[in-house]
Amino acid sequence: MSETSRKLTTIFSADVQDYTRLMGADEEGTLAMLKRSRDAMSRLIGTHGGRVINTWGDGLIAEFPSVVEAVRAAVDVQSELAGLNAGKPEGGRMLFRIGINLGDVIVDGDDIYGDGVNIAARLQTSATPGGIVISSTVYDQVRNKVAVGFDFLGALAVKNVNEAVPSYAVRIGEAPPAQAEPVALPRQSASAQSQPSLKGLGKRAGFFAIIAAALVVINLLTWSGVFWAVWPLLALAFAVAMNWVRTQERIYRGMTALGVLAIGIVAINLLTWHGVFWAAWPLFGFAVAAGLQWLRRK
């Protein structure tokens, strides 16, 4: 018999919304999509230092030594699965719900049991399709460490657990609020919650605008018949665009970055024009790379 012990760990629970309906509509297609989704999920879980403990039907349980990496993995999973669903009709999309809890569990061999696992599963069922719900124990650890926003959902009742569990929905692609939201406060409006993110974006845009204006003024004050400022301005625009791509969670960042590179190459070709459109060759290479990435996501 295997010996049991206890430990504190981060539990990641996921399942498919409307899995029975999807199977009834197309068994083979649903199973193929489930395999692709699970492969992507397992790869991202491993990348963030977690391990898949068990899979059954449409469900999956994993654990992470790091609370922060568990939430980052969940965000990456939902972003990648959104790419896999792109182009599919609304009724044919496979949307996962994810719940994350930090709790004490019983370890028996490679398996884990206990209230910590039950709470993660209950949080998962409370998530919206394509969404993530975390417990307050997770929220306390990640609220200032992960570039997402949070909506307080209140206290969820969990079967066989005496006290209700305060929980939060994760808003992917938004910065965390400037101050923690007390458990007793009512839910804020979406516009109020997004203000810190918009404020940070405005500050960055103003910073780059000041640098661009300074370069133009220096060029004009030292004018010798050459508008050399166009090159640092182009580099600055490229940096701004790539930074924007890096912070987005709801787009396919790889292909968007290729698009930014393509625009930059065309701009360099035009600014150094000598009658030859040499940018056609790197653009062809980018198109091939984009096609390969698209095929990998199918």
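This is a predicted model: local features need pLDDT of at least 70, side-chain atom pairs count only at pLDDT 80 or more; totals for chains, interfaces and linings use all residues.

Colleague: Which residues does Ile132 touch, not counting residues up to four places away in sequence?

Modeller: Ile132 is one of the residues with the most contacts inside the largest nonpolar core. Leaving out residues up to four places away in sequence, Ile132 touches Ala74, Val75, Gln78, Ile98, Ile100, Ala127, Tyr168, Ala169, Val170 and Ile172.

Colleague: How many residues does the largest nonpolar core have, and which helix gives the most to this core?

Modeller: The largest nonpolar core has 41 residues, and Phe12, Met41 and Ile100 are among those with the most contacts inside it. The element that gives the most to this core, with 10 residues, is helix α3 (residues 67-85).

Colleague: How many aromatic pairs are there, and what kind of pair do Phe12 and Phe64 form?

Modeller: The count comes to 4 aromatic pairs. For Phe12 and Phe64 the distance is 5.9 Å centre to centre, with 50° between the planes. Planes under 30 degrees apart would count as stacked and over 60 as edge-to-face, so the pair of Phe12 and Phe64 falls under the remaining class, tilted.

Colleague: How many residues apart are Phe12 and Phe64?

Modeller: Phe12 is buried, and Phe64 is buried as well. Phe12 belongs to strand β1 (residues 4-16) and Phe64 to strand β3 (residues 59-64). The pair thus links distant parts of the chain, 52 residues apart.

Colleague: Why is the pair of Tyr139 and Phe150 given its class?

Modeller: The ring centres of Tyr139 and Phe150 are 5.1 Å apart. Their planes stand at 90°, so the pair is edge-to-face.

Colleague: Which elements hold Tyr139 and Phe150, and which residues make up the cluster linked by ring pairs?

Modeller: Both Tyr139 and Phe150 are buried. Tyr139 is in helix α5 (residues 136-142), whereas Phe150 is in strand β7 (residues 149-156). Ring pairs link a cluster made of Tyr139, Phe150, Phe152 and Tyr168.

Colleague: Where is Asp18 found, and is this residue buried, partly exposed or exposed?

Modeller: Asp18 lies in the loop between β1 and α1 (19-25). Its phi is near 60°, a positive value in a residue other than glycine. Most residues other than glycine have a negative phi. With a relative accessibility of 39%, Asp18 counts as partly exposed.

Terms used. Residues are numbered from 1 along each chain as its sequence is written. Side-chain values use heavy atoms; hydrogens and water are left out. Rings of Phe, Tyr and Trp (its six-membered ring) pair if their centres lie within 6.5 Å; planes under 30 degrees apart count as stacked, over 60 as edge-to-face and the rest as tilted. Helices (H or I, at least four residues) and strands (E, at least two) are DSSP runs, numbered from the N terminus. Buried means under 20% relative accessible area, exposed over 50%, partly exposed in between (1.4 Å probe, protein chains only). A nonpolar core is a set of buried Ala, Val, Leu, Ile, Met, Phe, Trp, Tyr and Cys residues joined through side-chain atoms within 4.5 Å. Contact means heavy atoms within 4.5 Å.
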